[in-house]
Every structure is written in C-alpha cells, then in structure tokens.
Amino acid sequence: MNYARIVGTGGYLPEKVVSNADLEQMIDTTAEWIVERTGVEERRVAAPGETTCDLAERAARRALDAAGVGPDAIDLIVLGTTTPDHVFPSVATQLQHRLGCHGGPAFDVQAVCTGFVYALDIAYRFIRTGASRKALVVGADTFTRIIDWTDRGTCILFGDGAGAVVLEAAQEPGIIDSRLGADGRYKELLWVPAGVSSGYDKTRENAAFVEMRGSEVFKVAVTTLKDIAEQILAANRMRVADVNWVIPHQANRRILAATAKRLGLPEERMVDCVRTHGNTSAASVPLALDVAVRDGRIQRGDTVLLEGFGGGFTWGATLLKY
Ligand code: COA
C-alpha cells in the first residue's frame, strides 16, 4: 500500500477585516471582553458575492504552486465545507471545473469545523488503496454567512477563509495515522436549526443562523481535543514530547490553552492563529498549517498533529511527518 504525504500547502483570507472595535459598534460588547474570553482580535469576512468556491480556488492554486504540481495532475478533490455556494452541485466539482482538471472524483464533506480533517482522512485512504495518486484537499467556509450579527455569543468568534493541501502518493509517511469520530447526541449545542429538508422560518429574513450553547461546547471541545491527541499518540507508541507541532481547530484561544495544559504540551508548540483568523470552520486547520509552513516553523521531517472538532459533534486527528 502507498503512503501519502503533503507536498504543498496554501491558504486564503478575504480582504475585509472586521475588528473587535467594529463589533463594539454592532453589539453590546467590549473589545477587552472578546480578547479575554476568545483571543480573537480580528476576523476576515468575504465580500458580497465572494463565495466559498472563490476562497477555495485561491487557496488551492497557492497549494498547487507550492507543490509545483499542475492542476491536470490532480485526480481527486475532497473539500470540507458547511457553506457551499449552492445546495448542489458541490463546491468540489465547481473547483475542479475552475482548475480545469476534469474527470476524477470531486465531492464535498460536511463535518462542520472538522471538515478538513475528514476530507484529509478520505483522501489519505484513496491514496493508500491506489485509487488516487495526487489529491487536492480543501477546507473552505464563508461561515459568517450563517452568523447572526446581532447575537453577541456567536458573531465574535467566526470568520471566513480557505486552506488547501496537495496530498501525493509516497514510499514512506507522510501521514502516519488518521482517526475520525462523531456523536450526534450533541446536535443542539451547536447547530443551524433551519435547512433544506426541515424548512426555513419564512417570518424571519434569511433565518438560517448558527445557534450555540458556548460554555457547554467549550467543555466538550477541550476534553475531546485532549482525548483524541492521546489516543492517536498511544496507538502509534508516541508521546506528546515526540510531536514538534500540534495544530488544533482554531476555535478559541482559551480552548487551545486548556488543551495544551491538559496534554502537558508547551503552548509554543501549538500553532495559534486565533488572534487574526477567528474560527474559520473547515478552513481553520489547513490555514494554520499553511501559516506555520510559510513562516518556517514547520520544517520537512517535523512530526505534526492536526486536530479537528466541530458541530455534530464531529472530531478527528491526523498524525503526520511533514
Ligand atoms: N460580550 C460581552 N458579554 C458577553 C458576550 C459578548 N460578546 N457574549 C456573551 N456575554 C455574556 C453572556 O451573556 C453572559 O452574561 P450573563 O452572565 O449576564 O448571562 C456572560 O457573558 C458569560 O457568558 P458565557 O457564555 O458563560 O461566557 P463564556 O466565558 O463561556 O464565553 C464564549 C462565551 C462563546 C466565548 C465561550 O463559551 C466559547 O468560546 N465557547 C466555545 C465556542 C466554540 O468554540 N464553538 C465552536 C466550536 S467548533
């Protein structure tokens, strides 16, 4: 069986910055409160008409450039998103069309903030079995489109963005292990109650917004991020000390700090983009990976642990040699 390794990363953030000072003008909050409780100082918001596929295309082209791979070599696209441009077709098929790499399978994965880690796991297994040689794996969301900007418990946290990697068949890892999980019992802690099949509240304008019980989500997130790190490391006879970099889902600075503490991981070895990205849902992990690769923190041969956590709840961990 082949192994799979990441040969290029890319990220894209929309231009418009929304600062905490901007939010002070919109809701009953203070910049200090937001920074203290979340670590977020600013987030990016897609321009009117700018879609998830637009962000995904920019990130994908950067990943392809970094990998030195032409789009025509891509034989699989797996894309994590909760905010597709259309009900159908998938963002992945539209991305495939824009890149001009027709014919191979292309599909979206819906695992909310774990979307990229799910997508990476699937692409990894395609490559392991020989069904794909070069895959494009993307996490992209315009999550702010499903945020109620009058709800101070949610709008402070989220932003838009996209991240991508090119994953290639290799003789050695690459990805060492990948594990996913979910528990649908937690649905109402973090969800959008409206939907295509269950219907929309026609008395409210555009009423498909995220509802969240923040402090309850917080507790499950910390416990899960700690547990999945320990499980994947134990299964591979490794310890936290063997990992150079941990990239958890960028939900909230306090979630990252609490997870690092429980794992006994020095916070300097955790990649943290919360301050400038906020929570970009499926884009959060590949965006943080791209930042740390491009600024030189993550070097070839480093051992990296990616962790996702999101609505559902869903979760997943990828252990890899970069
Ligand atoms: N500004 C000022 N006050 C706010 C506020 C804001 N933006 N948002 C909430 N508050 C208030 C609440 O109304 C509450 O007031 P009350 O005590 O008078 O009722 C108080 O702050 C405490 O609320 P609580 O929800 O307990 O705060 P918290 O410390 O848990 O912080 C979150 C709220 C949302 C920042 C935090 O729970 C969180 O980040 N949770 C995880 C969410 C997450 O990561 N979701 C995505 C996972 S993929």
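This is a predicted model: local features need pLDDT of at least 70, side-chain atom pairs count only at pLDDT 80 or more; totals for chains, interfaces and linings use all residues.
Residues are numbered from 1 along each chain as its sequence is written, and side-chain values use heavy atoms, with hydrogens and water left out.

Helices (H or I, at least four residues) and strands (E, at least two) are DSSP runs, numbered from the N terminus. Helix α3, residues 52–67, packs on helix α4, residues 91–99, at an angle of about 55°, and their axes are 10 Å apart. This angle makes α3 oblique to α4. Axes are lines fitted to C-alpha atoms, for helices over the stretch in contact, and angles run from 0 to 180 degrees between N-to-C directions; angles under 35 degrees count as roughly parallel, over 145 as roughly antiparallel, 65 to 115 as roughly perpendicular and the rest as oblique. The α3–α4 crossing is right-handed (the near helix is turned clockwise from the far one by less than a right angle). Contact (heavy atoms within 4.5 Å) involves T52, C53, D54, A56, E57, A60, R61 and L64 of α3 and V91, Q94, L95, R98 and L99 of α4. These residues comprise 7 nonpolar, 2 polar and 4 charged; Ala, Val, Leu, Ile, Met, Phe, Trp, Tyr, Cys and Pro count as nonpolar, Asp, Glu, Lys and Arg as charged, and the others, Gly among them, as polar.

Helix α6 (residues 214–235) and helix α7 (residues 253–263) pack at about 40°, with axes 9 Å apart, and are therefore oblique to each other. Their crossing is right-handed. On α6 the contact is formed by F218, A221, V222, T223, L225, K226, A229 and E230, and on α7 by R254, I255, A258, T259, R262 and L263. The contact residues divide into 8 nonpolar, 2 polar and 4 charged.

Around the ligand there are 24 residues (a heavy atom within 4 Å), of which T29, R37, R152, G214 and N252 come nearest. A polar side-chain atom of T29 lies 2.6 Å from a ligand nitrogen atom, and a backbone N or O atom of G214 lies 2.9 Å from a nitrogen atom of the ligand.

M238 is located in the loop between α6 and β11 (245–248). Apart from neighbours within four places in sequence, M238 contacts L233, T303 and L319. The C-alpha atoms of M238 and W33 are 38 Å apart, and the two residues are separated by 205 residues in sequence.

Conventions
A polar contact is a pair of N or O atoms within 3.5 Å; within protein, one must be able to donate a hydrogen and the other to accept it, and residues adjacent in sequence count only if both atoms are side-chain atoms.
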